[in-house]
Amino acid sequence: MAGESKGRTAAVRIWRNARLATFAEGAAGQGVVEKGAIAARDGIIVYAGAEADIPAAFEQHAEIVDCEGRWITPGLIDCHTHLVHAGNRANEFEMRLAGATYEEVARAGGGIVSSVRALRAAGEDELVAQTLPRLDALIAEGATTVEVKSGYGLDLENEKKSLRAARRLSAERPVTIRTTFLGAHALPPEAKGDKDAFIDLVAATILPAIAADGLADAVDGFCEGIAFSVEQMARVFDAAKALGLPVKLHADQLSNLHGAELAARYGALSADHLEYTDEAGAAAMAGSGSVATILPGAYYFIRETKKPPIELFRRHGVKMAVATDNNPGTSPLTSLLLTMNMAATLFGMTVDECLAGVTREAARALGLLGQTGTLEAGKSADLAIWSIERPAELVYRMGFNPLHARIWRGQ
Ligand code: DI6
Ligand code: FE
């Protein structure tokens with residue numbers, strides 16, 4: 001396929017007879033265009049709008065795809081995942097359902113350290129092989145961009161292995177992968193309880209080496225009582241800033257440590273979870289333009305009862321993304337469609353907010369809004385074509401996939 005266009009003017013491909021939900025910035029609601037069409041050349045959208053208004057130049061020699069009235073949305077974006085991990089923790093789930101406490105699970109060798117042990121034992125090829133079925137599940141529902149965090153390696157070699165495995169996913173499948181270094185995720189056993197010393201290691205040694213190898217697009221951390229403090233995360237963020245890497249934060253998931261304000265202070269692309277964020281946090285995020293990434297899968301799976309303050313985010317004009325948080329401990333979820341249903345049902349997010357949350361706002365949360373996330377000229381031709389009557393169906397159904405076709409970079 002790639003060789004075909006060599007030596008002649010690249011062909012234009014047109015998807016016509018479609019209804020578009022463009023999610024264009026500034027457009028009302030879903031940015032709907034009835035009787036719409038999209039034209040792309042070299043994988044880039046050159047036209048998105050009314051079919052009647054396609055410039056004649058694009059139509060000559062174009063390859064035409066008749067969408068038969070189907071809906072086209074931007075390709076979906078999962079902007080928060082821990083997709084690269086080894087094994088699973090179904091055994092822990094079973095123990096907890098049988099009444100085991102968190103401590104009992106931990107004493108039986110469970111919890112995050114069991115995932116660290118499994119990842120350290122797995123080779124890079126094995127990690128890629130174990131991750132691909134999860135990636136395929138996301139792709140099968142129209143995902144064209146997926147963020148993948150490290151954070152189960154927790155030493156230089158194993159963090160590198162995770163990020164290399166993540167990068168390799170985009171060679172294995174037609175999808176954009178963004179990698180995030182999450183070295184400050186948990187304390188590895190060899191740190192012997194010394195969080196400050198581990199943070200020094202992350203900030204002064206591991207992160208600079210990862211950056212030197214170009215393995216990370218952003219830096220994240222877990223700011224929580226059971227993980228790292230605001231002060232410790234600030235040291236990691238200072239190091240990220242010095243290396244020119246943007247930051248994100250797991251903030252205020254289980255308690256309000258004011259992680260949202262910390263993220264805002266560092267101009268974070270996003271702060272994620274945010275169940276316990278208060279009005280000061282929402283206001284700070286509005287000021288910095290950080291996206292609030294809402295993760296209903298983790299809320300559901302750990303049976304949290306404190307909901308993220310959606311209404312505060314609305315009132316302060318904080319943009320909201322929606323993501324799976326796929327991970328073996330708190331969100332073994334690989335469906336963005338179900339994630340949207342959860343965001344609507346559990347948190348009262350509207351259909352428009354959910355759909356924008358897995359397209360435009362997810363792109364914003366990754367710093368990729370210039371390249372993808374909406375159907376607009378100049379962006380990558382990342383499309384999802386759906387056999388539905390209205391976009392609300394994508395949020396409404398549970399466990400049903402109406403994807404007709406997925407286009408990544410025009411193909
Ligand atoms: N937040 C979480 O809920 C998880 N990590 C994080 O930063 C837990 C990940 C795990 O248990 O494996
Ligand atoms: Fe997470």
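Reader: In this predicted model, how many bridges pair β11 with strand β12?
Author: The model is a predicted one. Strand β12 covers residues 291–294 and pairs with β11 in the parallel sense. Within this pairing, A271 stands opposite A292 of β12. The number of bridges between β11 and β12 is three.

Reader: Which helix does the chain pass through between β11 and β12?
Author: The chain leaves β11 and crosses to β12 in a β-α-β arrangement. This crossover is right-handed. The helix on the path, residues 279–288, is α10.

Reader: Which residue of β11 is the bridge partner of A251?
Author: Strand β10 (residues 248–251) runs parallel to strand β11 (residues 270–273), and four bridges join the two. A251 has its bridge partner in β11. That partner is H273.

Reader: Is the β-α-β unit made by β10, helix α9 and β11 right-handed or left-handed?
Author: Helix α9 spans residues 259–265 and belongs to a β-α-β unit with β10 and β11. The crossover from β11 through α10 to β12 is right-handed. The unit of β10, α9 and β11 is likewise right-handed.

Reader: Is the aromatic pair of F198 and F228 stacked or edge-to-face?
Author: The count of aromatic pairs comes to four. For F198 and F228, the distance is 6.1 Å centre to centre, with 25 degrees between the planes. Planes under 30 degrees apart count as stacked, over 60 as edge-to-face. The pair of F198 and F228 is therefore stacked.

Reader: How many residues apart are F198 and F228, which link distant parts of the chain?
Author: F198 lies in helix α7 (residues 195–212), whereas F228 lies in the loop between β9 (218–223) and α8 (230–242). Both F198 and F228 are buried.

Reader: Which class, stacked or edge-to-face, describes the aromatic pair of Y299 and F347?
Author: Y299 in helix α11 (residues 296–301) and F347 in helix α13 (residues 336–347) are 48 residues apart. Y299 and F347 are both buried. Their planes are 75 degrees apart, with 4.8 Å centre to centre. Because an angle over 60 degrees sets the class, the pair is edge-to-face.

Reader: Which helix gives the most residues to the lining of the largest pocket?
Author: The largest pocket holds about 770 Å³ of space. Its lining has 30 residues, with R89, Y102, I112, I226 and T330 nearest the centre. At least two lining residues come from each of α2 (90–97), α3 (102–107) and α4 (112–121). The helix that gives the most, with three residues, is α3.

Reader: How many charged residues does the lining of the largest pocket have?
Author: The lining of the largest pocket comprises 30 residues. Of these, 14 are nonpolar and eleven are polar. The number of charged residues is five.

Terms used. Residues numbered from 1 in each chain as written. Chains lettered and ligands numbered in written order. Predicted model: local features only at pLDDT ≥ 70, side-chain atom pairs only at ≥ 80, totals over all residues. Heavy atoms only, no water. 1 Å grid on protein atoms, 1.4 Å probe; cavity = no way out; pocket = protein on both sides within 12 Å on 5 of 7 lines; lining within 4 Å. Points joined across faces, edges and corners; volume = space filled by probe spheres on them. Nonpolar A, V, L, I, M, F, W, Y, C, P; charged D, E, K, R; others polar. Pairing = 2+ DSSP bridges. Right-handed = clockwise from strand over helix to strand, strands pointing away. Phe/Tyr/Trp six-rings, centres within 6.5 Å; stacked < 30°, edge-to-face > 60°. Buried < 20%, exposed > 50% of the residue type's maximum accessible area, 1.4 Å probe, protein only.
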